[in-house]
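Let's take a walk through this protein together, starting with the whole and ending with a few side chains. Have the model open as you read.

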Amino acid sequence: MDALRKQASKLREQVAKQQQAVIKQFSGSGYESSEVMVIDELEMQRHHQLEKLYRSTRAGRDFQREIVKAAETFTALGYKHIEAGTKLSEDCCKYGVENVHDEILAKAASIYGDARKHVEKEQEDLNRVLFSEVLEPLRAIMTGSPLEEARHLAQRYSRMRQEAETQAVEVSRRQARVREAPIPENVAKLHASEAKMQEVRANMAVLGKEAAAALSSVESQQQRLTFQRLVAMVEGERTYYERIAAILSQIEAELVSEKQRKEAAPPVIPPNHGPEKTKYFLAEARQAFDAETEKELTLAVGDYVVVRKVSPSGWSEGECRGKAGWFPSAYVERRQRIPTDTGAAGVF
């Protein structure tokens with residue numbers, strides 16, 4: 001009978017050692033969520049709370065890391081954008097200066113080149129916002145001591161919980177020894193194991209409260225600051241795109257205005273030195289026209305004009321009150337034809 005008891009005791013010790021070996025094998029640097037012995041209901045609730053907080057703060061840190069990676073990529077692309085845009089601005093301005101003969105394109109190139117400088121300035125401002133209001137704050141909280149200290153407390157609690165299981169196995173083993181041989185020596189060892197178990201439980205309770213409070217504080221701060229940085233990034237990008245849209249709209253308006261001005265200007269017709277019979281006709285101004293250049297002719301409603309040239313561009317050239325110039329063809333109405341041999345001077 002004694003031999004069987006010794007063999008049973010030996011088997012229990014082997015099982016306990018195997019359990020500890022399995023725990024050590026699966027234990028790591030993080031908070032352990034393995035199924036260990038639950039000492040009481042309160043301890044089980046604390047364990048689940050810490051496990052949830054540990055996972056939450058880890059997910060929050062991973063999300064912060066992804067935001068940082070994206071902001072770093074945006075910033076890097078922004079600097080490349082600035083480099084390419086600055087080069088394009090210089091090329092446009094250079095073309096505008098060196099090709100003044102090509103009035104429309106040269107003017108457009110100059111307008112775009114000057115405006116492009118403002119576009120790159122807005123990109124610099126966006127990069128500054130991403131760095132100062134997103135990257136730096138998130139990096140600080142990711143590597144800050146509050147997070148590391150709170151997670152360290154949770155890891156200490158996890159190790160102490162495993163120590164409690166080891167001690168619980170020891171208490172069970174001592175209780176079996178006392179049942180087998182209730183001698184004073186075995187009883188004393190049992191009492192010592194139980195006392196140590198109570199000490200571990202008390203330490204667990206204190207450490208669990210500290211770890212839970214620290215992780216809860218970090219989780220709240222983590223979520224609040226991450227949300228603020230995300231909003232800052234959205235506001236920075238919104239401001240950037242709004243200003244870029246305004247700059248591009250201004251560029252478009254200036255280019256279209258320049259094109260319309262050029263197309264509406266009187267045509268430049270080279271002088272004809274050879275003999276040619278021109279068909280003049282008399283027209284009456286039906287709408288007033290104010291000349292803006294020396295080449296244009298001012299007309300008042302009711303004025304009679306001797307029209308000498310009609311251009312397909314919508315402009316006509318003629319003489320009125322001793323002055324000659326160009327005016328819109330649609331502003332006058334034809335009255336009669338004038339013989340070319342009489343000349344315009346004899347009409348008025």
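Of the contacts in the protein with a separation of 6 or more, 69% are between residues 24 or more positions apart. Keep in mind that what you're looking at is a predicted model.

Let's go inside. The largest nonpolar core has 17 residues, and Leu 50, Tyr 157, Met 160, Val 200, Met 204, Leu 207 and Leu 215 are the ones with the most contacts inside it. Helices α2 (41-98), α4 (145-180) and α5 (184-264) are the elements that each give two or more residues to this core. Apart from it lies another core, this one of 16 residues, including Leu 126, Met 142, Tyr 240 and Ile 244.

Once you set aside its neighbours within four places in sequence, Met 160 touches Val 200, Asn 203, Met 204 and Leu 207.

Next, the aromatic rings. The whole structure holds three aromatic pairs. One of them joins Tyr 240 and Tyr 241 edge-to-face, at 5.0 Å centre to centre and with 70° between the planes. Which of these two is buried, and which is exposed? Tyr 240 counts as buried because its relative accessible area is 9%, under the 20% cut-off. Tyr 241 counts as exposed because its relative accessibility is 53%, over the 50% mark.

Another edge-to-face pair is made by Phe 289 and Trp 315, with 6.0 Å between the centres and 80° between the planes. This pair links distant parts of the chain: Phe 289 is in the loop between β1 (280-285) and β2 (304-310), while Trp 315 is in strand β3 (residues 315-320), 26 residues apart. Phe 289 is buried at 10% relative accessible area, and Trp 315 is buried too, at 9%. Together with Tyr 331, Phe 289 and Trp 315 form one aromatic cluster.

Finally, look for charges over rings. The charged end of Arg 151 sits over the ring of Tyr 54, 4.2 Å from the ring centre. Arg 334 has its charged end over the ring of Phe 281, 4.3 Å from the centre.

How values were computed
Residues are numbered from 1 along each chain as its sequence is written. Side-chain values use heavy atoms; hydrogens and water are left out. Contact means heavy atoms within 4.5 Å. A nonpolar core is a set of buried Ala, Val, Leu, Ile, Met, Phe, Trp, Tyr and Cys residues joined through side-chain atoms within 4.5 Å. Buried means under 20% relative accessible area, exposed over 50%, partly exposed in between (1.4 Å probe, protein chains only). Helices (H or I, at least four residues) and strands (E, at least two) are DSSP runs, numbered from the N terminus. Rings of Phe, Tyr and Trp (its six-membered ring) pair if their centres lie within 6.5 Å; planes under 30 degrees apart count as stacked, over 60 as edge-to-face and the rest as tilted. A charge sits over a ring if NZ of Lys or CZ of Arg is within 6 Å of the ring centre and within 35 degrees of the ring normal.
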